[in-house]
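This report concerns one protein model, shown below with its sequence.

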Amino acid sequence: MPQYFGKLPTTNQPWTTIGNVKAVTWDNNIINFDCGDSRLIISVLAPNLIRVRFAPTGEFMPHRSWAVAPDDAEWAIIPFTVQENEATVEIETAQIRVCVQREKCRIVCFDKANRPFAQDAEMGIGWRMGAVAGWKEIAADEHFYGFGERTGFLDKLSEVKTNWTTDALDYDSLTDEMYQAIPFFMALRPQVGYGIFFNTTFWSQFDIGAEQPGIWKMETRGGDLDYYIIYGPEPAKILETYTQLTGRMSLPPKWALGYHQCRWSYESETVVRELAKQFRQRRIPCDVIHLDIDYMRGYRVFTWSPQRFPNAAKLISDLAEDGFKTVTIIDPGVKYEPEGNYHVFDQGIENDYFVRKADGTLFHGYVWPEKAVFPDFLRPDVSNWWADLHKSLTDIGVAGIWNDMNEPAINDRPFGDDGEKIWFPLDAPQGVREAGEQGSRGAGGDEGDEGDEGDGGEEENFQSKIQNSKLRIDVTHTEVHNLYGLMMAKACYEGLQRHRSSERSFVLTRSGYAGVQRWSSVWMGDNQSLWEHLEMSLPMLCNMGLSGVGFVGCDIGGFAGNATAELFARWMQVGMLYPLMRGHSAMSTARHEPWVFGDRVENICREYINLRYQLLPYIYSLFWEAATTGAPILRPLLYHFPNDLKTYSLYDQVLLGASLMAAPIYRPGVEHRAVYLPAGTWYDWWSGDRYEGPIHILAHAPLERMPLYVRSGAIVPMQPVRQYVDQAPLDEIRLRIWPGNNEYQLFEDDGQTNEYLDKKFSLASISVFTNSNQTVVEIGERMGEWTPPRREVIVEIVGVGEQRFQDDGKRHTLQF
């Protein structure tokens, strides 16, 4: 037995495993398996989607009103068959077959070619005190992606991933728990792919063959085992179904796709005005300026410092006239200030909106305003109140909100003292009480729901919050810790939608859970000015995209520490690819604006930010694709080449959409690197050189160049450089097309309002066909009820020539 100095030996409680199937019944799309005292349910929700639920006691938790996935009853009934024999029960849809062995109730799925996937291991399903788990086999050549916000490489085989939101300050490649907790992954091998959404908000963990090679395990501290199996077989189909399950992003305002500038902190109106002036004078495009915590009066949320920002409305108006949108940070911690005439605290206390401990005392911790209390966003009345607080910001022109510290990040003593990170007590009651056998209530109900409890006064109401009777299921922080950031972002989103009329708003959050893409964009928290963090940003963002969250970014240049000129130049090149392109740096670090490193780096930054703005028509169509199908914007190569094993561990090359592939430099002093080009014809973006894949090439990459490649048949719409998105009507659009065969859809709308939901958009289908003698481009008749401004269309066949015409919305066929 190995000895560990200072560590006592541990004996784990044994697992109790599921018994044999004793009886099977089904009704509509629900198949029930009686396994003695325990019970298994399989719900058939779509031809490629099933839900598996297991209750050790036979009693299932109710569907929570704040659940991110719809109740089974909300899915349309689809055709499937159930066949029983002595050994198995087989459920078959148009795409998959699910076989349940009667002995030990083990599950295995098959595709139409009879290839198994998501196959239970020998252990199958088990439980012990405080935990329930499932074990499945890892197939040969199977690799694992997604898992939300994760450090390290792309493939998570042989790793343990815990789902518990935390302030991951100073994270590195070995960090496990992060700001986001998204219990979803996809498993891929050639010809076969499936996704698993572990439908638990409790602490949970995936062990992908670390403890037992060849076996992956999912474990939760909730009472049930509840997970969805999504058959692909390719990543695009898995994500389409997963985001049908958990939701898709709304289209952001187009300005949010431009360059964002941020620092902790631009501490005064004077500094902000000078910052804006520098961008415009230096002709470096920028659309957004973020204001960190120092714009507030003593870190009180929803206030302004009267000394440093004496006329916030005038500042925001002046910035808007020069093309800048203003985004302000909001934290959940509300300064504890009795008799301080602080409206947010006073309203929260008066209406009992803040989280309390199980004994009824108000919970407090320490954040920026020192002693602070925290809203319970699981309650609909609190969420509505918080949403309306944003009106004080939107009324003076604030265009977006940045939610921070919402894991929640709390210390047990003031930030200036040595302290420990804490969160709410795990037994703290949260949300509206939910009815057990009679449906559920919660974030979707209204505060009047509790009126049926009688008139026993405050004592009775408080006692009802912490009781645990048979018909009342009380929600505590144990169950909803992972939801705190998600529900804050949701409240913020709803407030901005309510108070910015028909204009779209921008929300950015640090913490979230599965489905966060519905309410907010996400950045990867407090990274560092290290080459390792530049390198790690690509697999981090790709795995977020493979987890359904497409609008993501990392702080360009690194938040903590001082970037070198070379690091900053390389990071800006990579940042051009990020769906969210934001530069950000921390207090006490050197300034990290694009011009602070000298003329050479400033020119590099300008060139790549210019390229970002030129590519906005292409990028905006990718956002539309994400909003309609759940497709990621930044993609690993395996997304489009899932049968090419060479792409499975390739983390340092990325695709922006289907057509553009970048191979960034992420090490100092490097001017050459190996690049893998998968099957097909590829072109060098800069030189036009042609390559036939699959092939490895050596790319030359001096500091001014990030290797960038284009697939044959690529159709890349581009626009002239703008200093900000809405600087002038788009009077010219260039379709850069590379010889080959392809189809593409160009999406356009006003970029500002939600009228696109009422068909106020333009959608043009574009096709290219190339044979040995000519290339033909067909631009279909414009669809939709939005008309672009009068403009010229330039169709360029790269390396061949170009033709022009006035855009009249009609069909055009061009031959080259």
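In this predicted model, Val795 touches, beyond its neighbours within four places in sequence, Leu735, Ile737, Val777, Ile779, Gly801, Glu802, Gln803, Phe805, Leu814 and Phe816. Val795 is also one of the residues with the most contacts inside the largest nonpolar core, a set of 199 residues; the others named there are Phe197 and Trp386. Apart from this core lies another, of 44 residues, which includes Phe33, Val82, Val89 and Phe147. In soluble globular proteins, nonpolar side chains tend to be buried together.

An unreviewed UniProt entry assigns residues 40-207 to the feature "domain: Glycoside hydrolase family 31 N-terminal". This span is 46% strand and 0% helix, and its end C-alpha atoms are 23 Å apart.

Five strands form an open sheet in the order β6-β7-β8-β9-β10, paired in antiparallel fashion. Its edges are β6 (81-84) and β10 (116-117), each of which pairs on one side only. Between β6 and β7 (residues 88-92), which run antiparallel, there are four bridges; Glu84 stands opposite Val89 of β7.

The protein as a whole contains 13 helices and 51 strands. Its radius of gyration is 27 Å, close to the 28 Å given by the globule rule for 816 residues, so the protein is as compact as a globular protein of that length. Further values for the whole protein follow.

| Property | Value |
|---|---|
| C-alpha span along the principal axes | about 75 × 70 × 60 Å |
| Buried residues | 62% of the 816 residues |
| Contacts between residues at least 6 apart in sequence that join residues at least 24 apart | 68% |
| Accessible surface | about 30700 Å², 47% of it from carbon and sulfur atoms |

Notes:
Residues numbered from 1 in each chain as written. Predicted model: local features only at pLDDT ≥ 70, side-chain atom pairs only at ≥ 80, totals over all residues. Heavy atoms only, no water. Core = buried A, V, L, I, M, F, W, Y, C linked by side-chain atoms within 4.5 Å. Buried < 20%, exposed > 50% of the residue type's maximum accessible area, 1.4 Å probe, protein only. Contact = heavy atoms within 4.5 Å. UniProt positions renumbered as here; feature names shortened; annotations may be inferred. Helix = DSSP H or I, 4+ residues; strand = E, 2+ residues; numbered from the N terminus. Pairing = 2+ DSSP bridges. Rg over C-alpha atoms; globule rule 2.2 N^0.38 Å. Areas by Shrake-Rupley, 256 points an atom, 1.4 Å probe, with all protein chains shown as cover.
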